[in-house]
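Have the structure open beside you as you read.

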Amino acid sequence: MGCVDSDPHKRGKTFFRRPVYMPEEVLNNSNNFFIIASTLFYQEIKKTLINYGKKEGEDFISSLAINQWASWMMRETIYDIPRLDYVCQKAFNDAALMREGRLSVCVGVKNLIDWNIPLYYTGFAQVWHSNIMKVLRLSMINGTYSFCDVKKCDLLSNCGRREIDTNELHYYTSRTKEQIDYIEKKETLMKDHVFHETNYEIREREYPDVVMCSFDKTCNLHCPSCRKEKYIADGKEKEILNDFTKRIETEIFPYINRIKVAGDGEAFASEIYKNIIFNKQLSNRIRNIGILSNGTLLTPSNFDKVSELYESVNIFISMDGCTKRTAEKLRAGCNFERWLENMAYLGQKKVEGKIKFLSFNFVVQRENYLEMEEYVKMCLGFHADGIKFSQIRNTRWSEEEFEQVSMFDVNGFMKPELAEVVKHEIFKRSEVHLFTWIDW
């Protein structure tokens, strides 16, 4: 047993104590069976093996195909305890196309990279209706949310839902006073439209209603909280992304009603994303678009092109400061003066009715939390419908470094300095979403 790698520098080396072989050393051996661990280059490796006379399923297989994740997931959610009296519609209505061609429904799904199925080597319909997706939906129907990270799910935590005490005796036939009080409260909330009857409906869809493109990390900025330098997809990766885009344009886009670009990278820095946004044939079928952008490249000319193509446009801008010093430090590569000009134009278009929903996001951290109040005032000046403040996530720091960066303690509570700032009356405005969800 060993590993195969075409890199000549790895000849004679070991990987996890297994010898590394060159392809020509093992491909001519008819007794070898290959498990392909790579998902990004699965198609390329598959072609190579086929050229050597190998057959998929007989001589080689994807590592994901032999993992029995659906069975494990079923066991987890069956024996889990119901926690939320709410059926999330995301797993039924939304699909997020992620890096390496993987499918998600939202950022709150745990361990996605470990168990979800890449679309590169199978069709969208098979993945959307796969056993894994069915069990994920089951966990939302039965209220366990076994595969969701509630700390990351602002939507669940902001919908008036009660998190059920796991020490409750759920199977008593009589209801406790707490349960009766909750039912009465729910009926009141439904009258006030906080709850909606669709939160208790289960609708089976052949295709999702909304698709978010989040598979190209190309960006014109290099924020310290995200990456050390700019990233632009090129070479083989860009070729793979282009092929993937062609597939989803025929397999998915004809059947959906709304598209979002982008949950990863910058919408107007990526050629892949721009080809989707400015695709006239696509916009003739899909009349609604949501765009997530840092705003630096969302110039008046780019917005006008979008506005001409789509009937309904939602814009979600992410910027982590309201001063030149802070914005250009935390959004490295940003020209803040130019950004302000772009935002002033968007604000004007919002007033003119060219933008259906305009919102802003601010990732709170040690470097910028004192600018939160002024940020709200600035965004209100742009006629924002929503202003969201988000917790920073640890993507590249040590635990000690992150403790200095974050304005939340290890238990998820605001540090005293932040708690003092958000006491200001301005954070009570309806436009402000303080660490809660905005669906753009």
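## Ground rules

Buried means under 20% relative accessible area, exposed means over 50%, and partly exposed is in between, using a 1.4 Å probe and protein chains only. Helices (H or I, at least four residues) and strands (E, at least two) are DSSP runs, numbered from the N terminus.

This is a predicted model: local features need pLDDT of at least 70, side-chain atom pairs count only at pLDDT 80 or more, and totals for chains, interfaces and linings use all residues. Residues are numbered from 1 along each chain as its sequence is written, and side-chain values use heavy atoms, with hydrogens and water left out.

## The big picture

The protein has 18 helices and 14 strands, and 48% of its 440 residues are buried. Take contacts (heavy atoms within 4.5 Å) between residues at least 6 apart in sequence: 69% of them join residues at least 24 apart.

## Cores

A nonpolar core here is a set of buried Ala, Val, Leu, Ile, Met, Phe, Trp, Tyr and Cys residues joined through side-chain atoms within 4.5 Å. The largest one has 92 residues, and Phe253, Phe360, Met372, Tyr375 and Phe389 touch the most other members. Apart from it lies another core of seven residues, including Val26, Phe34, Leu49 and Phe60.

Leaving aside neighbours within four places in sequence, its contacts include Phe362, Met372, Tyr375, Phe427 and Phe435.

Where does strand 10 (residues 288-293) sit? Five of its six residues are buried, so strand 10 is largely enclosed by the rest of the structure. Two strands count as paired if DSSP finds at least two bridges between them. Strand 9 (residues 258-261) pairs with strand 10 in the parallel sense over four bridges, with Val261 opposite Ile291. Strand 11 (residues 312-318) also runs parallel to strand 10, joined by six bridges; there, Val313 is the bridge partner of Ile289.

## Two helices with a buried side

Helix 10 (residues 235-251) has 17 residues and reaches 25 Å from first C-alpha to last, close to the expected 24 Å (1.5 Å times one less than the number of residues). Ile240, Leu241, Phe244, Thr245 and Ile248 are its buried residues. They cover an arc of only 140° around the axis, which puts them on the same side of helix 10; the arc is that of the directions from the helix axis to the C-beta atoms. Their cover includes strand 6 (94-98) and helix 11 (271-277), while Gly235, Lys246 and Thr250 are exposed on the other side of helix 10.

In helix 3 (residues 69-79), Ala70, Met73 and Thr77 are buried. Seen down the axis, these fall within an arc of 60°, so they line one face of helix 3. Ile78 and Tyr79 are exposed on the other side.

Val261 and Ala262 are joined by a cis peptide bond, with omega about 5°. Ala262 belongs to the loop between strand 9 and helix 11.

His383 isn't a glycine, yet it has a positive phi of about 65°. His383 sits in the loop between helix 16 and strand 13 (386-391) and is partly exposed at 41%. Phe435, also not a glycine, has a positive phi of about 60°; Phe435 lies after strand 14 (432-434) and counts as buried at 13% relative accessibility.
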